[in-house]
Amino acid sequence: MTSTVRIEDPSIAYSTERSLGVGGVSAADLEAAAPAARAAADAFAALVESGRAVGLDEPVLWPRLGEGDPGPLEAVRSWAERVRRADTVVSVGIGGSYLGNRVLRDALLGPGWNERDREGRGDRPELRFAGYHLDPAELAALVDLFASRSARGPQRVELLAISKSGTTVETLATTLVLREALGQLPGVEVRLAALTAPGTPLAELAAERGEVLPFPEGIGGRWSVLSPVGLATAAASGVDVDALLDGARAVRSVLLSAGGELDRNPALRYAVVHRLHAQRGRSGAVFMPYAERLRCVSEWYVQLLAESLGKARDRQGRRVHTGRTPIVAVGTTDMHAQTQQHQEGARDKTVTTLDVLDWGAAEALRVPELPAAGRLAGRRVSELNRYAREANEVALAGDDRPSDSFLLGRLDERTLGGLLYLLMASVAYEGELLDVCAYDQPGVEAYKRVLRERLGTQPA
Ligand code: PA5
């Protein structure tokens, strides 16, 4: 059995070299799991075909990547065209209505996008995020930022409030606060669009004071990154949205044609390998990109895995309290923080690394050939990054601690679209292996009920 499954285009390799034969999970265990893996692959293929998941009224359409009704994507593209002359786009939303847009900005444009001047951004607006918390100081700081600029001349700010339900406290409150506060600033023109389902409070607000973009049917928040919901601000920032979707479609056809074959289907292999480790007590899932640009992929994956698979009951109604616990880590930063725990702490986790083979222009960065550099002299920074990752993986395996790795050929739209689709498919497969519904989130209702009661009964 091979240890690396490769997709050629877009270039994504998944290696289990250090997660099989480590920690009590062998290649034979993987082979023994083949029937369950085939059943999971068949169930996913049926979901792609039918758009239906067991026990859900709403269809599940994320695997179709926007094929079907072109209306929502066209609406988002024309909104993106309208706002490209704005100074700033503020995306307001939380959970799945935030992380998809954020992951595309950080990975493709860089977390420092707003620090570039307009020319450096290719004549595109700044892209900021709000509403993904209720931190009053952060929100006040955002208002202050616009206030400090208002003396310098007119500015145009486009708010895009994203909320499927249109009732989410963070999104509604932040949208209302920002619209009011920015509207009072001299020289600030503030416009509002809402990406939401019809008839929601947010839709009503935007219909009165702005425009409403349709939240596509069959797309749950955390599954929305490659739908018009997640692609909206990327389109406004000049990201090649078609290349993202093409990359995802290319991976989809690899996964569907590989079906239950664990040597050809990296998403299924990933799901099965992690299921086997979880069955041996390793249900902590450290997801560790070796790149600042990919930190957000980890945050996005954490939400996808936690909310999709952390369930009290399986689809038969039995109490299972299942799902792995995802943990964000970033290399090499967290090798000086979390790695001590990963290497010597409880044997309750796996580490998945994510790296990029070719960093393009950044490959030119080398350590100068000076005596002080010692063995580092002349080394590329990307090479040091790779060696550090491999050292982490080898050290973990040396103490019988498993890690697996994803390696991207480069970081571009096509490859990122493919990776995000692969990870979504892996969570769908894992849901099948666990026999839980990956598309609902009943667990978040408990705190929402308490919050509603408090908002209804307590004076402000
Ligand atoms: O993935 C999900 O379903 C959630 O994380 C939602 O995206 C999040 O709760 C925000 O919900 P809404 O889009 O209704 O504001």
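**A helix pair and a pocket**

In this predicted model, helix α9, which spans residues 241–258, packs against helix α14, residues 413–434, at an angle of about 45°, and their axes lie 6 Å apart.

On the side of α9 they are A243, L244, D246, G247, A248, A250, V251, R252 and L255. Their partners in α14 are E413, R414, L416, G417, G418, Y421, L422, A425 and Y429. Sorted by class, the contact of α9 with α14 comprises 11 nonpolar, three polar and four charged residues.

The second feature to consider is an open space in the model. The largest pocket has a volume of about 930 Å³. It is lined by 36 residues, of which S165, T168, Q441, V444 and K448 are the closest to its centre. Several elements each give two or more residues to this lining: α4 (96–109), β5 (155–163), α6 (169–183), α11 (295–309) and α15 (445–457). Among them, α15 provides the largest share, six residues. By class, the lining of the largest pocket contains 15 nonpolar, 13 polar and eight charged residues.

Key. Residues are numbered from 1 along each chain as its sequence is written. This is a predicted model: local features need pLDDT of at least 70, side-chain atom pairs count only at pLDDT 80 or more; totals for chains, interfaces and linings use all residues. Side-chain values use heavy atoms; hydrogens and water are left out. Axes are lines fitted to C-alpha atoms, for helices over the stretch in contact, and angles run from 0 to 180 degrees between N-to-C directions. Helices (H or I, at least four residues) and strands (E, at least two) are DSSP runs, numbered from the N terminus. Contact means heavy atoms within 4.5 Å. Ala, Val, Leu, Ile, Met, Phe, Trp, Tyr, Cys and Pro count as nonpolar, Asp, Glu, Lys and Arg as charged, and the others, Gly among them, as polar. On a 1 Å grid over the protein atoms alone, a cavity is a set of points where a 1.4 Å probe fits but cannot get out, and a pocket is an open set with protein on both sides within 12 Å along at least five of seven lines; lining residues have an atom within 4 Å of a point. Grid points are joined across faces, edges and corners, and a volume is the space filled by probe spheres set on the points.
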